[in-house]
Structure formats: structure tokens, C-alpha cells
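I opened this entry to keep track of what I looked up, chain by chain and then across the contact. The notes follow the order in which I went through the structure.

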Amino acid sequence: MSALVFGASGGLGRALSRELAARRESLVLVARDSADLAAEAAHLRTVYGITVEWMALDASDPRAVEKLTGLPGASAIRDLFFPVGMGIEEDDGLLPPATIAALVGSNLTSVMTTISLFLPGLLAANAGNVVGVGSVAALRGRSRNVAYAAAKRGLESYFESLRHRTAATGVRVQFYRLGYLDTQMSFGRRLRFPKASPQAIARAVMRNLGKDIGCMPLPAFWRPIGWALRTLPWRIYRRLSF
Amino acid sequence: MRVRPSVTPCKKIEGVVPMARGATAPWPAGPSERRSLVTMDGGIRIADAAVHRPDRHAYFHQHENGLPAIPRGAGFSFAAASFGGGAESIEMTAFDRVIDFDTRTGRVEVEAGITLGALFEFLTPRGRYLAVQPGHHRITVGGCIAANVHGKNPARDGTFVAQVETVRLFHPRHGCVDLSRHEEPALFHATCGGLGLTGIIVAARLRTLPLPGTSFRIAHRQVAAITEGADLMAGDSARSDLAYGWFDCSRRGRTHGHGVVVTGQFLSTDEKGPAFKLPPSRFSPKRRARLPIALLNPISIRLVNTAYSWSLLRSRDTVVTLAEALYPTRANELYLSLFGRRGLHEYQALVPRANLAEFVAQLRDDATRASACITLAVAKPFNGTPDLIRFDGSGISLAIEMPRSAAANRLLPEIDRLLVRLGGRPNILKDSRLPRSVFEATYPDCDRLRAVLRRWDPQRLFRSELSERLGL
């Protein structure tokens, strides 16, 4: 039995890979850059003595993920983790079509395509975990990340459907709506709320693995913030600039 | 010196794709953060330093042009070796992987940002350890190489460079190059102890030793003077895994320099049991300086020293865990914090053994005349060969500490003059104030390093407050 980690070369993906490796789970790592993947795979093999395969692919092209089924260890994959996300500064609703396609491809379509490749195996085994990662940006649409927030909200909806689909099976579907993470994406940015460490989030994900938690905001202080944002009347919300 | 003109693909890390030569992307690349940085001694503080924290290997693609930069590890140096001088700091802590480990030879290949603690937790269960390590486990391997730190018994084990086999160095102008004693030896030696001025250490292959045990037997012996302690250490260093002396310099008169010589050996039986996990620590130069005022003054220093001396001598022989023996600074975090925001001066001098008595006597007189309050001195025996600007040679290293004050400012130039006269050398990484003239008088090889740097990096892309102050 092994786990597939999308976006494994940095941030939360790297932290999750190390937590899984510490549990002696075989891993399939996926990310864009082969040098980072090779280095991380070498680290996990050397430190934890586990089997690690890796594949470099561009998740903005959803068809590229179909190559994953060709990996030798693909049939043994029972846990799927998607700590991936691609955001860009100029996401103000005026992005060119190719950029929108890449953004939606990375954040939504590639995840859906990958799950569709492995879900039959999980259902046949009546076991496994599918863990999606969304963002507080999807709580309410806003002008600064139009396509990103739409893709993440779509992802949240997809995971809810998936949870419903697998409710009577041994497959657990979980979704985490994350606040700010201390990653390269947020490095140097002055943010309104504290950044969580990827290691702390990864440990929380591991603790919850196998539980029917549905959608969980992390860190927990985002729960009341999310509630407040969602209930804020439009006439007030429209005046906010954030 | 032969300089390789193109990027060398990393031997173990597959798939590094160099950017085409002639690329003009700005460098350092990626997001940066504005942060206040301070030296461990509190002497140099920059409120708005630019810090980059790359985490992908694509960062080591080639760029022809760039802004001044300097690599940074844990930032534990007492001098501003990883910031200042108009440079942007490149924090390497995300490159923290163990890439390869040869169980037969014990050689381990690691990325530069891995901490000594993480490497300890990897090596110890595999029955290996690094013989030369500084006192805090959060220091990075890259920082140890760039500073060529010493460990618990430099007279026997040498300095950090002794266990470095290869270094992978990145310079925007040259790409990645692999250095060793056989491949680019001049650049290898300039990089080990080169303060990060040759470029960014990306990875290194290190020699490790078989671990004789995971417990240490420590012996404490009371001595009446620093010179007596130096004699004891010199006699014991060859058969000890750890040898240093602690001396109380806060007293005046005949009791000045009373102290304790500490020697230790591995125990083959694990009396303390395996201790492969290190306790968490968030210690940093900023945390050290959180107290707004110094709580150390001549009276409290005497109390602290008396209590510390009593605690050492209470049990003349004791058994401690390997982690406690290797990383003693962990236990001294509170003591360093007592110097408060204003900080401390540490002056580490390597003094020829024949001149130690004169150095100690003159130091005591100078301190009395300047009304300076030296808290303590820590001595270690050295038996190496000086090279370039490494803190190495033959003699006794004496590290003295004192609170920052006007009296200390009067005393330090006196120590500079004394050290130059007696043929010693100061540790440039322990003194954020050391003047260039003293550095040049005590490190006659510094021009050789300057020549290597000029040939390798004519634009001098890598610099820091320390390198600018010393004219490197």
C-alpha cells in the first residue's frame, strides 16, 4: 500500500511526504521540477528506508496526469493527497484564456482527473483516503483572485460530491480549507492573519487520517473568520478591499 | 586556479537543468522579506535587511548578473557574517535533506541547510557521529563549513574542514561546481572557512566516525589558574573526546582565573540510554536579546559563577547523554539571555602556549585598569595549522565574555594590542567589532584569500558586513 502526494517538492506537500514517510508508507511523489523531486525522494529513501517513486509533470495540463497510471507502484496506491495550488498576482478577472485554463487545470481539473484514475482501485479495495486542500480564498469571491477562488470553490464542491459518493464505502474523503501557510507563496507578504507552518498542518492532517471529517478549516481560528465572512451582508462586503 | 566555465550537474541530484548562459534574469531571485537581523552578541543590528528563502533547486540556475548577496544558515554567528554590507541574505534552511549515506564508509551527503541536530538524529541510530561540532544543534552544516567551526577537542579532532570531503558550491556566474581537495583545491580551501564569500554552499559530503556509545563520562577537576588548566588539558586532550576549561574571571586578586577543567570520554555502555531525539529549541539571536536590560553585573556575575562552579564540582564524575555533551550551548541559552538587549562581547583568542601566562596576567591587569567586568573564560587546546583566515593553529584558545559597556570598549583595544604582540589570533566570527588592522596583523594569509576571491568573483557578488569591515 502506498500514498501519492501531489505537489511534493515544497511547502505542505513536502511536509506531508515526510509525515507519511515517518509512518513507513511507500510514496509516489509528483511535482513540476525533477531536481526537487529527486532530492526529496533521495532524502526519504535515505532517512526512512522506504520505497519512493517520483514523476515530474506539469499539473496545469490535466492530461499529463494520465501518465501516473504507468508508474510501477500505481496499482498499490491507496492514499491520495493534493496539497497543490497555483495562484498569480494579476488574477483580477481579466486573465487571458490560456492562463485561466492553466490556473483551473492546476487547482481543479488535474486533481479531478487524477482521482478519477485511482478511485476505481480504492473502491475495489474498499479502503483508502482522498485528501483535498482548498483555501480560505474560496470562502467568498473577491476581486483579487477571481479564477483561483472559483477553481478552489469548485474543488470544494467536487470533494463534497466525492464524499457523498463514497459515504457507504471504506474510502474516506477529506477536505481542508487552509488559511495562510508559511511557504514560498506567502514569503515576504504582510498578511492580516498569522501563517501556519506546513509541518503543523501536515501533523494535523495525519492525525485526522481515516476519520470522516468532511471539510475542515485549518488552523482552527479560521472557522469563526469564515463564518463571519460568509454571513457578512453584501452591502458591507462590497466595500471591503482585501 | 582552474575555473570551470559551465554548470556542473549535481552528481547525486538528478535533473538539474542549467539556464542558458547569458541569461540576464535578476538575482537573487524569488520573493524576499524585510526583516531585522542581529548578531548573537547584539553588536550589529540591521532593521530592514532583505532576506530570500529559496526552496527549489531551480534557484541554482545560472544568472550572469546580480545584486550583492550572502548565504545565511541559522544566523547564530557573533559577527555579521550572513547579512549587511549592502548584501541580500539568502537563507538556506529549506535545503535540509540527507541525500546519500554510505553505510560501509559512513560518508554522508547532505544539503547545506540541514541542522546539526537533524543530522545527529539521522546518524546516531546508525551508529555514526560527527567528531567536530559547535555547541548548538540548530546551527546548519553550511554555516559550519563557511565558518570552519571547531568542536569539543580541536587539539585532537581539528576543525570542521577536517571532516569535509566535497562541497557543491553555487555562484551565479559559474553555476554549480563540485569542490574537493583534489578538484578545484584552492577554491575548496577558500570556501571552507571562507565566510560564504565564494558563493552558496548547496551541499556537502562529510566524513563521520563510528559512535563508541551514546553516553559520556565527564570528569571535573578544580584548578587554581588558567595556565594550570591549560597544562591539564594539553596532557589529557589526546585521550579525551571532550576537553575544555571553564574559568571564573569575575574575581580580582589571587582567585582570578579559578576554574574547572572538564574532560570526557564516550562510554561503551549506554548508562543514560539512547537519546536520539533532541529537545526542541527556538533560541536565536533575537530571542537571546529579549530582555530589555542586562541582568549581569559584577555582583550577579559572581553569584552566577559561584553557583555554576559549585554545580560542576558537586559531582566530580558524572554521566551525561551524547546530546548534552555535544550541544552544551543548549543549556547556556538562559545565561546568554541575561546579557539582555544590549548584548555581550566575546573575545576568542588563540594564544601560543608559551605566551599564555603573560596573556592571562596582562588581561587581568588591563581589565582591572579599565574597570571591565569579564564574566568567564573558556579554554580549549588547539594543535592545528593556520591556513587562510581559519581560526586554527597551535596553542590555547581562550574565549572571554563581558557585558557591553564603556569599560569593555576601553578594554578590547588593549586585548587587540596584547594579542598582536604575543603572536596570537582572534576568532573573527566571535567579535562583531574586530578592526581590520588587527585582522590583517594576525592573519597574514588574508591576502591569499583576497587573491582567490578576486579571480573567482571579480565583481565580488558575495559580501557581508563582516567582509566589508575586514576588507575581504
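Which residues have the most contacts inside the largest nonpolar core? I noted first that this is a predicted model, and then looked the core up: it has 197 residues, and those with the most contacts inside it are Val5(A) and Leu29(A) together with Val110(B), Ile145(B), Val202(B) and Ala204(B).

**Entry: Leu29(A) and its surroundings**

I took Leu29(A) from that list and asked what it touches, leaving out residues up to four places away in sequence. Its partners are Val5(A), Ala8(A), Ser17(A), Leu37(A), Glu40(A), Ala41(A), Val52(A) and Trp54(A). Val5(A), one of these partners, is itself among the residues with the most contacts inside the core.

I then went to the strands around this position. Strand 2 of chain A covers residues 26-31 and strand 3 of chain A covers residues 52-56; the two run parallel and are joined by 5 bridges. Within this pair, I found Leu27(A) opposite Val52(A) of strand 3, and Val52(A) is also one of the residues that Leu29(A) touches.

**Entry: chain A as a whole**

I counted 7 helices and 7 strands in chain A, and from the N terminus on they run β-α-β-α-β-β-α-β-α-β-α-β-α-α. The radius of gyration of chain A is 18 Å, close to the 18 Å that the globule rule gives for 242 residues, so I recorded chain A as being as compact as a globular protein of that length. Taken along the principal axes, the box filled by its C-alpha atoms is roughly 55 × 40 × 35 Å.

For burial I noted that 42% of the 242 residues in chain A are buried. Of the contacts in chain A between residues at least 6 apart in sequence, 67% join residues at least 24 apart.

**Entry: chain B as a whole**

For chain B I noted 14 helices and 19 strands. A compact globule of 472 residues would have a radius of gyration near 23 Å, and the 22 Å of chain B agrees with that. Its C-alpha trace spans about 70 × 50 × 40 Å along the principal axes. Buried residues make up 53% of the 472 residues in chain B, and among contacts with a separation of 6 or more, residues 24 or more positions apart account for 76%.

**Entry: the open sheet of chain B**

In which order do the 8 strands of the open sheet lie? I read the order as 15-12-14-13-17-18-16-19 in chain B, with antiparallel pairing. Strand 15 (317-321) and strand 19 (425-426) are the edge strands, each of which pairs on one side only.

I followed several of the pairings inside this sheet. Strand 12 (residues 215-223) and strand 14 (residues 258-267) of chain B run antiparallel and are joined by 9 bridges; here the bridge partner of Ala219(B) is Thr263(B) in strand 14. Strand 13 (residues 242-248) pairs with strand 17 of chain B in the antiparallel sense over 4 bridges, and Gly245(B) stands opposite Ala379(B) of strand 17.

Why is strand 17 of chain B largely enclosed by the rest of the structure? I found that 6 of the 8 residues of this strand, which covers residues 376-383, are buried, so the strand is largely enclosed.

**Entry: Gly213(B)**

I looked up Gly213(B) in the loop between strand 11 (209-210) and strand 12 of chain B. Gly213(B) has 17 other C-beta atoms within 10 Å and is partly exposed. Its C-alpha atom and that of Tyr327(B), 114 residues apart along the chain, are separated by 16 Å.

**Entry: the contact between the chains**

Lastly I turned to the contact, which takes 20 residues from chain B and 16 residues from chain A. On the side of chain B that touches chain A, the elements that give two or more residues are strand 1 (32-38) and strand 5 (98-101) of chain B, and strand 5 gives the most, with 4 residues. I noted the make-up of this side of chain B as 8 nonpolar, 4 polar and 8 charged residues.

Notes. Residues numbered from 1 in each chain as written. Chains lettered and ligands numbered in written order. Predicted model: local features only at pLDDT ≥ 70, side-chain atom pairs only at ≥ 80, totals over all residues. Contact = placed C-beta atoms within 7 Å. Nonpolar A, V, L, I, M, F, W, Y, C, P; charged D, E, K, R; others polar. Rg over C-alpha atoms; globule rule 2.2 N^0.38 Å. Buried ≥ 20, exposed ≤ 12 C-beta atoms within 10 Å, placed from the backbone. Pairing = 2+ DSSP bridges. Core = buried A, V, L, I, M, F, W, Y, C linked by C-beta atoms within 7 Å.
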